[in-house]
Amino acid sequence: MRPVPIPTPDPERLAELWAQAIAWTSYVSMSRAELVAHLTGPAARMIEALSTDEPDGHIGFEVGTAMVAAHFTHPTSLSRTLAVLGEHLQPYAEATGSQKRFARLQGSLAEGYAQALRNRTMTEQEGIYAAALVAQAEAEEARWASEARFQAVFTEAAIGIGIGTLSGRLLEVNRALCDMFGYPREEFLERTTASFFQPPGDDGDVWQAYNDLWAGRSDNFRTEKPFVRSDGAEIWTDLVVSLIRDKDGTPKYAVGMVEDITERHRLQIQLRHQALHDPLTDLPNRTLFFERLALALADPDPSARVGVCYLDLDGFKAVNDTLGHDVGDQLLRTVAGRLASRLHRSGHLVARMGGDEFVVLVERTAGTAELVRVAEAALAAVRIPVRVSGHALKVSASVGVVDRPVRGTTVAELMKAADTTLYWAKADGRDRWAVFDADRHASDVSRYRLSAQLPAALARRQFFVEYQPLVRLADGVPVGAEALVRWRHPERGVIGPGRFIELAEETGLIVSLGRWVLREACEQAQAWPDSPRPLLSVNVAARQVREATIVEDVKTILAETGLPAEGLQLELTETSVMGSTGQPLRTLHALADLGIRLAIDDFGTGYSNLAYLRSLPVHALKLAGSFMSGLRAPGGPDQADQEILEAVIRLAHKLKMSVIAEGVETASQAAVLRELGCDTAQGWHFSRSVEPSALPWLQRGQ
């Protein structure tokens, strides 16, 4: 059954549920209708943030800030808001693939809320602090007339406050600070401020800020830092330390205001972990990988090198399709654990890029040899059979290896090279690694450009046909010609079929190109003499044979060009006809019924199922050029090759097929073929490919 798509949440409904959850947590009286109207706009913005590609972090931040501005500052306001959003927006996020966007939205909302609440608290605290300073100043002027009021504010403040001398002796601490650190007031005052502010817990910048303040070089500083409670637990705080000067400006006291932000800090750590790690495998994800890669490429050492091993599981889709995604997920978790176990201990970052792709970052690599060792270790880890849900799965992987100097290398270039090299490993047979090769990459780029130019070349008639004569070996008389397509490239000149036919087959353009070549050759051959009529031989690709319209196409071209069917021979590759059953076999018989001849091209390079030839409507075998290599041996024709050729020719004749040899380059080769009974041959010994007007039977007629 196809999953039912989840509709986009309704902003008003979400606002109603949201209002129901937090209505009583505001310190400002607001009716339910007013509250729903107030929350509908933020609800709509958050829903829109899940379905747009625009950056969404500021939306959550603004919504969290607006909640504090509306006085929703009860301790449960934020948790209830996140609970409502999680319950009513997370299913929609999971259905639309925007889980990470939703996580960022929640995190930014919490961050905005916490930031606004902190700013509000600090504003109030700064007011308290300002009042304290005013009171202190007034007390100095009026002999501490208002000391009782200051003491009340100091003692009952919600944040921790401590006052000390510049020598580090603590003079006073309030109850909130004692509760926060877990010390009684008397024990607190026995300690010095320096005992709390000590490296290595404080980094160099914070420690310098302390020294500057105590030396009077600055008036205050603010930082977030951890402290250790009396029971050994760690707390994170937002700390503001200010300097109090006397009337003549001389530093006299230091006042510290401390807010416990441990929960917010833990939430930030958790959200950052979720944002930077893959939820299925808990490996670092793409974001963290690219952060680390960018840092590695920023290494100031000009001799530093960086490398990546880009890994993809072989045949993983088949596991999902046959055993289900649950098994596939368990397999991915197992593979991820093995890769992390083997490679993390070497200091390498292992990340999941998505799907069944993983990447290993090797910083400050010693060179390609080290990366190859990493790739082999990864392949060895993957090859270990995995037992999942009663299934023993044998898995392999392909790895692309790229090693580059950090200087002059970009993230995009490095990952493009890794992706290309991974493709090479796949194409070379899988279960292996491949190292990036600039020459091979340049060749691939050239092939890709040619492939992209093929459709326009056909439309602009940049292709043309030449012919190589077919010569009867018995008397040396030309009896036909093979049509050979060429590409007159506007930049590269004339390109032979060996460089673009395979590209045409890969892109599917071979059908249109083959049809054009057949029509062009038939039109030109129609002008050839009738008695005796030379045979026109045209290559037909395997994909053309599988086309449902091939028979009608040939019939139409013969009718429109006027070429007699018996004057046409179609050369089909051995792999396209051997083992043909069903419709392909019916297509061969239908072509033969038109009266044309069928020949198997490059015979001997494919299946070579000789017994199967009896069931095919084939008129000729065309021996592959590789058969001729044995006839070019320095000491004369190779006896074994000669006997093989003789057997093939004899068998073809018994099956009433003629034999054509291609690639004949010397008179001695032609003589051996003639002695073996070969019927026809072509090759440079007789003629290279020529323009249509240069064919021998047209030359004789001039």
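Visitor: Why is R305 called partly exposed?
Guide: R305 has a relative accessibility of 28%, and since buried means under 20% relative accessible area and exposed over 50%, with partly exposed in between (1.4 Å probe, protein chains only), R305 counts as partly exposed. This is a predicted model, in which local features need pLDDT of at least 70 and side-chain atom pairs count only at pLDDT 80 or more, while totals for chains, interfaces and linings use all residues. Residues are numbered from 1 along each chain as its sequence is written, and side-chain values use heavy atoms, with hydrogens and water left out.

Visitor: What makes R305 and D403 a salt bridge?
Guide: The term asks for a side-chain nitrogen of Lys or Arg within 4 Å of a carboxyl oxygen of Asp or Glu, and the side chains of R305 and D403 meet at 3.0 Å, N to O, so the pair is a salt bridge. It links distant parts of the chain, with R305 in strand 6 and D403 in strand 11, 98 residues apart; strands here are DSSP runs of E, at least two residues, and helices are runs of H or I, at least four, both numbered from the N terminus.

Visitor: Why is D403 called buried?
Guide: Its relative accessibility is 16%, and therefore D403 counts as buried.

Visitor: How do you know that K317 and D321 form a salt bridge?
Guide: Their closest N and O atoms are 2.6 Å apart, and K317 and D321 are four residues apart in helix 13, which means a separation of about one helical turn.
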